[in-house]
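Work through the exercises below with the sequence and the coordinates open. Each task is followed by a solution in steps.

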Amino acid sequence: YFLWNTMPDERLIELANTGTLRANLDSEVERLVADPRSRRFVKQFTDQWLELNFVKNVAVNRDRFPGFDDRLKQDMTAETHAVFAELLRENASAIQLLSSDFTMLNERLAKHYGIDGVFGLAFRRVALSPEWHRGGLLSHASILLSNSTGADSHPVRRAVWIRDRLLNDPPAPPPPNVPSLEEANPEFHKLSVREQLEIHRTVESCNRCHRSLDPWGIALENFDAVGKWRTDIPTNAGNGIQTQAVAATAVLPDGREVAGADGLRQYLAGERKQEFARSLVSRLLSYAVGRTLELSDQVAVDQVLEQFAQDEYRLQGLVHKVVSNELFQTK
């Protein structure tokens, strides 16, 4: 049920009936992962963990993006599913979900990203060049669009997603009765996102959270609402549209300055990989046992996390460790 989202097949039932399933546990996990039915696990787990279902709920602004094709939404989530599946199949390091030199593309999504040489509807592995600024979840259009307004980026939503989904450190909800910034400043919509957030931080009730939250999203400002790379941002200016240069350099709460999305990916993969690994372990254990983890379950999280790190964060190896853990076997 964990890896196929369906009842056991004859092979598993036979092993269970003869009392030899535990002796063959590793080989059976490998068999189940290699089977096409494991795609159900890949899709449902990544949708739940990364909140990919939000993509279809975002209404893309057609005035801002007149050529947007709704079929791209399916391709966006398919990229994320395919990257996770590739790392799982190869038993590669899960840290490549943070920073990677490849992604999975078809022709339509490659053109959307401005990447040439990819043809057809099928997704395949594509080596990435640094000038494309791709590689890792933070450059996936599925993540960027689902945490946007549909017309522009939304640094706060993107920051909340990073803190919650990748680092398992969700910020506190905003306090009630926060004043409307638009009412306080009639020129608000003409300002850059960075300037808007600076105004937000002048509100005392907002400052404490936003000073530790905003930098995570500002670092992704080179990506527009639909996940395309940009160097300028359109802003409202009276009867027309003006552009401002993207300012994506940000100082994170620990004082580290990161240069945009590329710098943020390197920082997460290099210095926050243990927090990311704990988040992934917690989400996968929760999914595997079919319930929210409790305080008493942290012993199992710690056990699996230690083994995961010793195994160089290999993704299929993590599945083995979850299946062999007492929490899973006694659920």
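**Exercise 1. Contacts and overall make-up**

Task: Among contacts with a separation of 6 or more, find what percentage comes from residues 24 or more positions apart.

Solution. In this predicted model, residues 24 or more positions apart account for 66% of the contacts with a separation of 6 or more. Of its 331 residues, 50% are buried.

**Exercise 2. The buried side of a helix**

Task: List the buried residues of helix α2 (residues 25–34), and state what they pack against.

Solution. Step 1: the buried residues of α2 are L25, E28, V29, L32 and V33. Step 2: around the axis these residues cover an arc of only 135°, so they lie on the same side of α2. Step 3: the packing partners of the buried α2 residues are α1 (10–17), α4 (71–90), α14 (315–324) and α15 (326–329).

**Exercise 3. A buried arginine**

Task: Determine whether R165 is buried or exposed, and identify the backbone oxygen that its side chain reaches.

Solution. Step 1: R165 is found in helix α7 (residues 155–166). Step 2: the relative accessible area of R165 is 11%; buried means under 20%, so R165 is buried. Step 3: the R165 side chain reaches the backbone oxygen of Q48 at 3.4 Å. Step 4: leaving aside residues up to four places away in sequence, R165 touches Q48, W49, L50, E51, S279 and R283.

**Exercise 4. Aromatic pairs**

Task: Count the aromatic pairs, then classify the pair F2 and Y287 and the pair W49 and F276.

Solution. Step 1: the count comes to 13 aromatic pairs. Step 2: the ring centres of F2 and Y287 are 6.2 Å apart and the planes are at 55°, so this pair is tilted. F2 is in the segment before α1 and Y287 is in helix α12 (residues 273–289), so that the pair links parts of the chain 285 residues apart. F2 is buried at 8% relative accessibility, and Y287 is buried with a relative accessible area of 12%.

Step 1: for W49 and F276 the centres are 6.1 Å apart and the planes are at 40°, so this pair is tilted. W49 lies in helix α3 (residues 39–50) and F276 in helix α12, so the pair ties together parts 227 residues apart in sequence. W49 is buried at 2% relative accessibility, and F276 is buried with a relative accessible area of 1%.

Step 2: ring pairs join F2, F41, F45, W49, F84, F276, Y287 and F328 into a cluster.

**Exercise 5. Charges over rings**

Task: Name the ring that R37 lies over and the ring under the charged end of R125.

Solution. R37 lies over the face of W4, at 3.8 Å from the ring centre. The charged end of R125 sits over the ring of F102, 3.7 Å from its centre.

**Exercise 6. Nonpolar cores**

Task: Find which residues of the largest nonpolar core touch the most other members.

Solution. Step 1: the largest nonpolar core has 73 residues, of which F2, F41, L166 and L264 touch the most other members. Step 2: α12 provides the largest share of this core, 9 residues. Step 3: not counting residues up to four places away in sequence, L264 touches L138, I162, W216, A219, L220, L252 and V258. Step 4: a second, separate core of 19 residues includes L72, L105, Y113 and A225.

Conventions. Residues numbered from 1 in each chain as written. Predicted model: local features only at pLDDT ≥ 70, side-chain atom pairs only at ≥ 80, totals over all residues. Heavy atoms only, no water. Buried < 20%, exposed > 50% of the residue type's maximum accessible area, 1.4 Å probe, protein only. Helix = DSSP H or I, 4+ residues; strand = E, 2+ residues; numbered from the N terminus. Arc of directions from axis to C-beta. Contact = heavy atoms within 4.5 Å. Polar contact = N/O pair within 3.5 Å; in protein donor to acceptor, adjacent residues only side chain to side chain. Phe/Tyr/Trp six-rings, centres within 6.5 Å; stacked < 30°, edge-to-face > 60°. Lys NZ or Arg CZ within 6 Å of the ring centre and 35° of its normal. Core = buried A, V, L, I, M, F, W, Y, C linked by side-chain atoms within 4.5 Å.
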